[in-house]
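Thanks for passing this one along. Here are my notes, as numbered points, for you to read beside the model.

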Amino acid sequence: MDLDEVWVPYRWPGQLGGEDVYISGSWCEWKERHVSLRHCSASASYPGDWVALFKMKTGQHEYKFNVDGGWRVAPGDPLVMDPEGNINNKRLCVKNCHIEFCFKSNSPVARSPRTVISVIGSWSNWRIATPLQKEGSNKWFTELSLPPGEYSFRFMVGDSTDLHPVMAVSDKYERQEVVNRDGQRVMCNKIRVDVAPAFYLFYATGWRQCTLMYKMLKDSNPLTAAWQVAAMDDSPSRAEPCGENSRWKQAIIALPAGVDASDRDRYSMQFFIQGPRLGDSSDEDNPGGSKDSSRRRSSVRANNGNGNGAQQSAEDAAAARWFAPLPDDGVPGDLRSQVKVDTPDKQSASACYQLRWPGGWKLQRGTITKFPCVTKPPVLLCADIDGTMVNEHSDKKEQFWMDARTKEFQEYWESNAALARSVLVFNTGRSKGQLIWLLKEKPMLAVPDVLITAVGTKIWYLPDGMRCFQDPTEVEWIEDKLWSNRLDEGWDLQQALSAAGEMFKLFNRDSAERVKWLDKGQEHPHRVALQVHTAVLDDLIERLQEAIDKRQLQARIIMSGAGDWRYVDVVHRLAGKLEALEWVRQVYGVPVERCATAGDSCNDILMLDGKMPAIVVGNAQEELVRWYHEQNDHGRIVLTDKPEAAGVLEGLARHGLY
């Protein structure tokens, strides 16, 4: 394999639909139908994904998927907005996964010139095999570029004429048993892949466009005499890190090809930021950023500026900065007379910023800080809204502190988790319209990527890329039609209404009202909802199940709530808060151990009672706290000391997901 080529898998989630899927990108000058993706077999629970695996040049590549003739971005892949306003996926493709297979030196198979070995794994949904290249007399290997995470794989061993090669595992790697597409348990190898080694830089600025000027060094010696140039893209964050209309920019600088893992820390990077031309009115008139920003902005007001800390005190700035002398040429002398430049010392052209080793970094107001979470796989957080992310109180002082906790979470999420491609899901009893109203009323509430409503019978997404780059209250959220259509099979709303209607005849026979209608399926056609008094709750659920069975409905009963009146929902047997969450998890491709759920009431047991790490916030209802103490969960569920959104942050930290 060429030193500058690597095998790269791409995936379009089957849940997002499509009958004809292609991928194209910067590597092929955006040819409309560059590579066709293969459709994987669907299971009983999920539609099959679309996958491709092909060899390409190492480096950074922007790309999009052409789905049934329309351009789309994959929500689980890194998103950027380039200086022209195009929203694309962007990936750093380097060799971060080396897989090899060895025979014993005297093996006749190893000596045969017809022996062919391939590897197939979960990175391509077990659909596409990658050929291994022979090295020496008994060793085969290949190099892949994979997103960080854990993967399982098997080797295919045969000769060039075999239609059914032997499946094998290697003693070189750990083993684990997995269930294949046919439901059989098979032995596989597994490997953990770390983030691609590189410098990941996030820059807080009010400049709409800026450029990273850098030099890579090895053992403090520059690898090039001239400054290298890299574009800085808008990052997937709504934060205003240095004032109104400011933003986080991002750039990724890969290490040279072929660098051994043991040598990575010998590399460092010097850089400065080149901003707009002097006299550019869009930045001069509004140093915090552009006037026409289309983002939803929070109510925070901070020091305006381009991220260089000009408004800091000299003492604070000097204490925070890392100085590194430039080579003799320094910052080009004529550059400052043409454009705005961000360097640590504005009075001298002989200093620049320095990143001392590869990894995640932030530059904000002249201060460089380590940012390790960007080198870890993303997190998916699924949280209830009312009582968990926001709360209401009649006392103004209490309301102030509740809103402050909501704001604290928003600031953490947008300036940390969102930069690391994490996913925020609200799983709520509110409707989509009620959420949009709440986002307008409470600008301190973090914007979700996904909304699950009506006890998991509806899933909504913001349009491709719009979570980060447009006001979520002014765009049309997109319903997951595949999820809704999946719930049509075996569901009959009229029969569900008939079964629920029988409960009124049975339990409201005298003047006492013990059953009330909540939802007759007008807004949510896969759900019928009742409010039931606890005095008849157990008996009603038994009678309701009998009525469902008599009508042969593909339905389940979900009971939730607290107090004297409880919620009883009749939904499709495949629906539910946890089921909808698992569907969304598959869309984004986040492993179970990197997902977390959070709630404050018994309604949330439906999603807390799964396999994912769970958080019960400190202000939780007594019944939920009692449920928590009854669970033998081996630490999977935590009860936090802090209430509401501050408790969510505490729970993420205790689970190691902060």
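**Notes on salt bridges, fold and cavity**

1. Let me begin with a lysine: K57 has a relative accessibility of 44% and so counts as partly exposed, since that value falls between the 20% and 50% cut-offs. Please keep in mind that this is a predicted model. The partner of K57 is D4, and their side chains form a salt bridge with 3.1 Å from N to O. D4 sits in the segment before β1 (5-12) while K57 belongs to strand β5 (residues 50-57), so this pair ties together parts 53 residues apart in sequence. D4 is partly exposed too, at 34% relative accessibility.

2. A second pair worth a look is R266 with D219, a salt bridge whose closest N and O atoms are 2.6 Å apart. Both residues are in loops: R266 between β24 (247-254) and β25 (267-277), D219 between β20 (211-218) and β21 (221-222). The pair thus links distant parts of the chain, 47 residues apart. R266 is partly exposed, with a relative accessible area of 34%, and D219 is partly exposed at 37%.

3. E502 lies in helix α8 (residues 493-507), and R551 is found in the loop between α9 (537-550) and β38 (555-560), with 49 residues separating them. Is R551 buried or exposed? At 18% relative accessibility R551 counts as buried, because the cut-off is under 20%. E502, with a relative accessible area of 22%, is partly exposed.

4. Of its 658 residues, 56% count as buried. Among contacts with a separation of 6 or more, 68% are between residues 24 or more positions apart. The chain exposes about 29100 Å², with carbon and sulfur atoms supplying 46% of that area.

5. How many cavities of 30 Å³ or more are there? The count is 1, and the largest cavity has a volume of about 110 Å³. Its lining has 13 residues, and C373, V379, R594, L657 and Y658 lie nearest the centre. By type, the lining divides into 9 nonpolar, 2 polar and 2 charged residues.

Notes. Residues are numbered from 1 along each chain as its sequence is written. This is a predicted model: local features need pLDDT of at least 70, side-chain atom pairs count only at pLDDT 80 or more; totals for chains, interfaces and linings use all residues. Side-chain values use heavy atoms; hydrogens and water are left out. On a 1 Å grid over the protein atoms alone, a cavity is a set of points where a 1.4 Å probe fits but cannot get out, and a pocket is an open set with protein on both sides within 12 Å along at least five of seven lines; lining residues have an atom within 4 Å of a point. Grid points are joined across faces, edges and corners, and a volume is the space filled by probe spheres set on the points. Ala, Val, Leu, Ile, Met, Phe, Trp, Tyr, Cys and Pro count as nonpolar, Asp, Glu, Lys and Arg as charged, and the others, Gly among them, as polar. Buried means under 20% relative accessible area, exposed over 50%, partly exposed in between (1.4 Å probe, protein chains only). Contact means heavy atoms within 4.5 Å. Accessible areas come from the Shrake-Rupley method with a 1.4 Å probe; for residues, only the protein chains shown count as cover. A salt bridge is a side-chain nitrogen of Lys or Arg within 4 Å of a carboxyl oxygen of Asp or Glu. Helices (H or I, at least four residues) and strands (E, at least two) are DSSP runs, numbered from the N terminus.
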